[in-house]
Amino acid sequence: MKFYAKHILTLIFAILLAINIAGCTNTRKGVSLSLHPRGLAEVENVLRLIEPDANRPTLALVLGGGGLRGFAHVGVLSALEELGIYPDFIVGTSAGAVVGAAYASGLTPEQIRDVALDVRISSLIDFTLSADGLIRGNKLANWVDSITGETQVEQLPRRFAAVATDLQSGQAVLLDSGSVGSAVQASSAVPGMNVPVPYHNGHLIDGGVTSLIPVRFARAMGADVVIAVDIYCQSPRAKGLGIATVISQVMHTQSCLLAKAEIVQADVLIAPQLNVPGMSSKEAQERVMQAGYDATLAALRDWRLNAITHL
């Protein structure tokens with residue numbers, strides 16, 4: 001037993017040493033350094049992405065984070081277009097940034113659906129031996145670039161911005177320029193799991209840490225009407241007392257407490273209830289898309305009925 005324990009300790013030491021030597025292995029540093037995050041105050045004081053139209057209100061679509069629940073956003077887009085609703089711009093966090101970038105690039109909801117169902121989730125994961133995280137995120141960034149035309153955020157046909165968190169300041173930041181893939185990579189960089197994405201003044205991590213459903217940024221960008229999609233807070237919480245389950249429950253509680261303040265600022269809230277287990281299967285992904293579609297029709301029906309009642 002002592003011999004076994006000695007070798008286990010030696011192996012652990014070797015792994016830790018290798019991780020410290022490896023350091024950060026994010027090979028898109030040159031690309032991600034082109035990102036120029038803007039804090040909320042700067043956006044409110046300086047930036048107006050949409051020129052005001054005196055003839056109609058400016059509509060923003062806010063797509064929240066929530067991992068694989070993000071397939072629901074595809075159903076949301078399908079329902080909105082079916083109703084003849086086309087947002088002037090999109091703001092997305094994490095999974096919402098992935099789908100939002102694809103839609104802003106000119107892909108239709110049907111095309112996004114096909115692309116989403118065609119890709120293997122495992123093919124987007126690039127493990128690394130790094131002190132900064134277990135996943136680089138480069139494969140996700142490259143895939144996003146490939147489906148959006150390898151362009152810059154500011155050159156997309158429809159206005160788009162991703163929301164990330166500045167690791168050093170702990171503030172939510174807006175990414176409205178630079179590489180689309182790197183912006184999405186930063187917005188989706190789960191702390192402790194993904195390698196933080198570097199930029200000229202620091203590092204960026206998942207936007208869900210500070211702005212899960214970024215309604216405030218949408219308002220700051222000039223939105224008169226905000227349709228927000230929450231794919232996380234209304235979904236069932238993980239159950240059990242295992243370590244991973246408890247951590248998941250705590251993250252859910254913290255994220256959603258922060259999100260409440262932004263959710264109430266939306267004009268319309270779409271909040272499908274989504275079960276995560278088995279969501280990596282194509283059948284489950286299609287069910288999640290359908291849930292997003294159904295929730296959108298219900299939310300907009302209720303909103304219109306309420307608007308008519310208060311006339």
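How are α4 and α6 oriented relative to each other? In this predicted model, the two helices are roughly antiparallel, because angles over 145 degrees are counted as such, those under 35 as roughly parallel, 65 to 115 as roughly perpendicular and the rest as oblique. Residues are numbered from 1 along each chain as its sequence is written. Local features require pLDDT of at least 70 and side-chain atom pairs pLDDT 80 or more, while totals for chains, interfaces and linings use all residues, and side-chain values use heavy atoms, without hydrogens and water.

Helix α4 spans residues 71–82 and helix α6 residues 109–118; they pack at about 160°, with their axes 9 Å apart. Helices are DSSP runs (H or I, at least four residues), numbered from the N terminus. Axes are lines fitted to C-alpha atoms over the stretch in contact, and angles run from 0 to 180 degrees between N-to-C directions. The crossing of α4 and α6 is left-handed (the near helix is turned anticlockwise from the far one by less than a right angle; clockwise gives right-handed). Phe71, Val74, Leu77, Ser78 and Glu81 of α4 make the contact with Pro109, Ile112, Arg113 and Ala116 of α6, contact meaning heavy atoms within 4.5 Å. The residues of this contact divide into six nonpolar, one polar and two charged. Ala, Val, Leu, Ile, Met, Phe, Trp, Tyr, Cys and Pro count as nonpolar, Asp, Glu, Lys and Arg as charged, and the others, Gly among them, as polar.

Helix α4 also meets helix α5 (residues 95–104); their axes come within 10 Å and cross at roughly 40°. That angle makes α4 oblique to α5. The crossing is right-handed. His73, Val74, Leu77 and Glu81 in α4 meet Ala95, Gly96, Val99 and Tyr103 in α5, and this contact comprises five nonpolar, two polar and one charged residues.

For helix α7 (residues 138–148) and helix α8 (residues 180–187), the axes come within 8 Å and cross at roughly 135°. The two helices are therefore oblique. α7 passes α8 in a right-handed crossing. On the α7 side the contact is made by Asn138, Ala141, Val144, Asp145 and Thr148, and on the α8 side by Val180, Gly181, Ser182, Val184 and Gln185. By class, these are four nonpolar, five polar and one charged.

The second largest pocket has a volume of about 200 Å³. A pocket is an open set of points on a 1 Å grid over the protein atoms alone where a 1.4 Å probe fits, with protein on both sides within 12 Å along at least five of seven lines; lining residues have an atom within 4 Å of a point. Grid points are joined across faces, edges and corners, and the volume is the space filled by probe spheres set on them. Its lining consists of Leu40, Gly170, Gln171, Ala172, Thr210, Ser211, Arg216, Phe217, Leu258 and Glu262. At least two lining residues come from each of α9 (215–220) and α10 (243–263).
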